[in-house]
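Take a look at the sequence and the structure, then read on.

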Amino acid sequence: MALLTFSSCEDKLTELNENPNVVAPSSANPNMLMPTVMAEAAKKYLDWGYGDAAGIVQHTQKDGWFSGHNHYDWSPTDWSDYYNQLRNNDFLYKRAVALNYKFHQGVALTMRAFLFGNITDLWGDAPYTEALKGDVSDDMIRPKYDSQEVIYKGIIEDLKAASALFASGDVTGYRTGYDVYYNGDPAKWQKFANSLLLRYYMRVSAKLPDVAKAGIESIYSSGIYIKAASEDAAMDYAGGVAGNSWPGAAEFNTDPSEFRRRKPAKLLMDQLIATEDPRLKVWFQPVYVRWVADPTLATPVDQFIRKNGVIQTGTVSLTDAQFLTETKAGNKFTRHYNPNTFTVAVDTREYVGVPAGLIDPSSFNYNPTPGQVVQNQHVSQLSETYRGTRGGLLKARLISAAEVSFILAEAAQKGWSVGAAETHYNNGVKNSLDTWGASSSYATFIEKNGVKFNNTLAQIMEQKWIASWTSAIEAWMDYRRTGLPAFKAGPAAPESVLPVRFIYGDNETNFNNANSVSALGKLEENTHTKIRGKNSQWAKPWVIQGTGKPW
């Protein structure tokens with residue numbers, strides 16, 4: 001009787017321990033995993049490309065909470081988000097293999113390459129061959145770090161394998177709507193995988209020139225890569241809550257401060273103005289209050305703003321919402337100064353950017369309301385597009401036709417067999433204008449001084465830097481290996497040059513100390529690493545060691 005009772009209870013306990021709300025791993029559908037992997041990877045890439053990486057390459061500067069963005073005053077940076085995504089992706093791959101779903105295998109390999117590419121690009125050596133295996137062996141809980149060389153070579157092999165899987169055209173098992181980039185089109189995914197191959201071949205071109213040359217020539221010969229802006233690997237934002245909206249946009253109505261703090265950088269703004277770049281008005285808006293030189297002014301400078309030329313006594317500034325309403329109604333705001341008696345240099349242009357690395361960027365251009373409460377009325381802000389939560393231009397772009405064209409332009413400029421450098425350069429400019437809705441200006445713009453092709457690497461990298469707007473990680477990686485554009489750190493930066501990597505996070509140094517210390521030993525110290533030592537944002541990783549780049 002006792003044995004029967006125990007047996008019955010054991011059966012009941014087994015039934016109770018089966019959670020009806022959780023899918024058993026052995027029956028998980030890989031379609032359900034794809035959107036999570038793809039969306040999180042795209043969002044993370046944009047967070048850096050629109051965030052602090054944009055500060056590094058001087059697309060933007062912040063005038064509040066700015067030290068990390070403008071001065072590279074960084075603390076250790078954790079990479080757990082990337083490895084969490086990779087664990088989900090690893091499960092996606094294993095389920096796809098078990099079910100013999102070739103399309104899903106290709107997606108998983110492509111995303112694996114993309115995510116590990118981000119990790120090694122940003123930090124250097126990292127867990128790779130022993131990563132994601134903590135459930136296999138206790139020894140793998142503290143995985144060894146592989147060299148950048150090993151990781152980059154692994155990325156290239158994964159992308160080759162993914163491309164071959166997509167080439168089969170087999171989409172067995174795919175359900176419509178679960179691919180948030182290309183909706184299950186293997187031909188477009190193959191172009192994506194091959195375009196990432198172009199990126200990473202060029203990334204290692206200084207260290208593995210023969211591998212890079214052969215790889216890029218092979219892909220160019222195949223003709224299978226992203227060629228038009230409509231083929232960009234991109235994710236639309238659905239809108240609504242913060243996680244599904246453009247960064248900062250969902251919170252704008254309740255807390256617009258993050259939007260106000262992000263300003264165009266002077267270096268980018270000056271370049272756009274000098275060439276009358278049609279992307280200028282897509283990305284940025286005019287200053288709310290323009291400076292006007294007035295030799296007849298009795299005082300050195302107006303204390304209050306002027307509306308349509310009339311002094312607004314008692315009004316130093318308006319709120320952002322008030323300025324928007326007024327300017328949309330056609331009202332113009334100015335502030336006068338007497339150039340004979342006012343000794344402060346001010347920028348009187350309609351569009352004004354913030355110089356890099358200022359000690360107090362909120363007071364730039366003689367802003368009368370410094371600090372974080374009111375926006376700087378004498379500096380441009382991002383265009384109204386970036387106040388939105390979704391749609392149109394608001395996409396997280398993982399790689400674009402513009403980037404691919406500029407890679408091929410650089411390869412051609414090196415003398416590799418990939419066609420004419422000018423053709424690819426022109427396509428890069430055109431594809432970027434297409435991406436940002438300014439294609440109608442291409443014929444005029446491409447003939448302008450400073451834009452018309454002059455067959456120099458500096459010009460190719462300059463236009464590629466501009467085209468990397470919101471994808472600034474790529475501009476940073478390009479600068480790191482070429483030294484172009486020739487960025488200069490601002491006066492408040494702790495070092496006179498730009499950083500080249502992220503600092504390993506505390507979790508690694510605390511809980512995987514032996515392996516992280518071993519990886520640190522492979523970084524190259526220099527005159528800019530004296531304060532932090534090897535775990536410094538200025539310590540050079542393998543990919544640029546011995547190249548003399550970027551400084």
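Which ring does the charged end of K540 sit over? That would be the ring of W551, with the charge 4.8 Å from the ring's centre. There's a second case like this: R262 has its charged end over the ring of Y50, at 4.1 Å from the centre. Keep in mind that you're looking at a predicted model.

**Rings meeting rings**

Now for aromatic rings that pair with each other. Search the whole structure and you'll find 46 aromatic pairs. A pair of this kind is described by how far apart the ring centres are and by the angle of the planes. Here are two of them, including their numbers:

| Pair | Centre to centre | Angle between planes | Type |
|---|---|---|---|
| Y45 and F114 | 5.2 Å | 65° | edge-to-face |
| W79 and W123 | 5.4 Å | 70° | edge-to-face |

Why does the W79 and W123 pair count as edge-to-face? Its planes are at 70°, and the label applies to angles over 60 degrees.

Where do these partners come from along the chain? Y45 belongs to helix α2 (residues 30-49) and F114 to helix α6 (residues 102-123), so to speak two distant parts of the chain, 69 residues apart. W79 lies in the loop between α4 and α5 (80-99), while W123 is in helix α6, and here the two are 44 residues apart.

Next, the backbone. Which residues have a positive phi without being a glycine? One is W65, with a phi of about 50°. You'll find W65 in the loop between β1 (60-62) and α4 (67-71). W65 is exposed, at a relative accessible area of 65%. Another is N308, whose phi is about 55°. N308 sits in the loop between β7 (306-307) and β8 (310-311), and its 45% relative accessibility makes it partly exposed.

Finally, look for cis peptide bonds. The bond from L484 to P485 is cis, with omega near -15°, and P485 is in the loop between α18 (472-482) and α19 (506-511). The bond from K549 to P550 is cis as well, with omega near -5°. P550 falls in the segment after α20 (513-520).

Notes
Residues numbered from 1 in each chain as written. Predicted model: local features only at pLDDT ≥ 70, side-chain atom pairs only at ≥ 80, totals over all residues. Heavy atoms only, no water. Helix = DSSP H or I, 4+ residues; strand = E, 2+ residues; numbered from the N terminus. Buried < 20%, exposed > 50% of the residue type's maximum accessible area, 1.4 Å probe, protein only. Phe/Tyr/Trp six-rings, centres within 6.5 Å; stacked < 30°, edge-to-face > 60°. Lys NZ or Arg CZ within 6 Å of the ring centre and 35° of its normal.
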